[in-house]
Every structure is written in C-alpha cells, then in structure tokens.
Amino acid sequence: MINEQSTNLTTDVTGPETATKGIVDVYDVFGPASQTLQGADGLASALGALVLVPDFFKGEKALDEWFTNVTPENDALKNAFFGKVMGNGFGGSVQALKDVA
C-alpha cells in the first residue's frame, strides 16, 4: 500500500495500476484502523481493483472513551472533534475525493 497526497486529501492506495475497477473505502469516525488497511489490500488482491482509503479526518479520529466514559471533558473533546470535522475538513475532503476520481 502506498500513501499519496492529492490536493488536500492524503490517500492510501493499493491494487494494480492497470485496474479497471475502483473502490473507495469509507470508514467510521474512529479512523482507518490497521484492519481497514488490511481489508483494502485483501479487496485489491481478490478483485484486481484499485482501492483508495482517503484520510477524511486528516490524521485525527474519535476516541472510544468519548462515548463510553461520559464526562464533561469527554463531551467537550467529542464536540470539538465533530465541530472541526464537519466545519472545516469533511466538505473539503469530499471535493478532493471527487478530484482524485
């Protein structure tokens, strides 16, 4: 798997450059775990497809404890993350993904 920077969206890419099929791997707010990237490799291998795993959250991710240990501090951290992702990052990431495609 290689990591490419295209516009503002860093994207992990795996699969043959000659692929005629493509998959965009969209994950949850907890970010792309190692299993996500392993799954992308498996899909690319099994289907002969080019698989893109864009970093929609620009290296950040939600943490489990924000949801399992509800405290005012964790609520503030969770709200700050979602405010940042929805406010500045996610919309621009979607446009950058369109540019890559």
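Reader: Hi! Is D75 buried or exposed, or something in between?
Author: D75 is partly exposed, at 28% relative accessible area. Here buried means under 20%, exposed over 50% and partly exposed in between, with a 1.4 Å probe and protein chains only. This is a predicted model, where local features need pLDDT of at least 70, side-chain atom pairs count only at pLDDT 80 or more, and totals for chains, interfaces and linings use all residues. Residues are numbered from 1 along each chain as its sequence is written, and side-chain values use heavy atoms, leaving out hydrogens and water.

Reader: Which side chain does D75 meet in a salt bridge?
Author: That of K78, at 3.7 Å from N to O. A salt bridge is a side-chain nitrogen of Lys or Arg within 4 Å of a carboxyl oxygen of Asp or Glu. K78 itself is buried, at 19%.

Reader: Nice. How many salt bridges are there by that rule?
Author: Two. K84 also pairs with E60, their closest N and O atoms lying 2.4 Å apart. That pair links distant parts of the chain, 24 residues apart: K84 sits in helix α3 (residues 72-100), and E60 in the loop between β4 (50-54) and α2 (65-68). Helices (H or I, at least four residues) and strands (E, at least two) are DSSP runs, numbered from the N terminus.

Reader: Changing topic: what does the N74 side chain reach?
Author: The backbone oxygen of E65, at 3.2 Å. N74 is buried, with 7% relative accessibility.

Methods: Polar contact = N/O pair within 3.5 Å; in protein donor to acceptor, adjacent residues only side chain to side chain.
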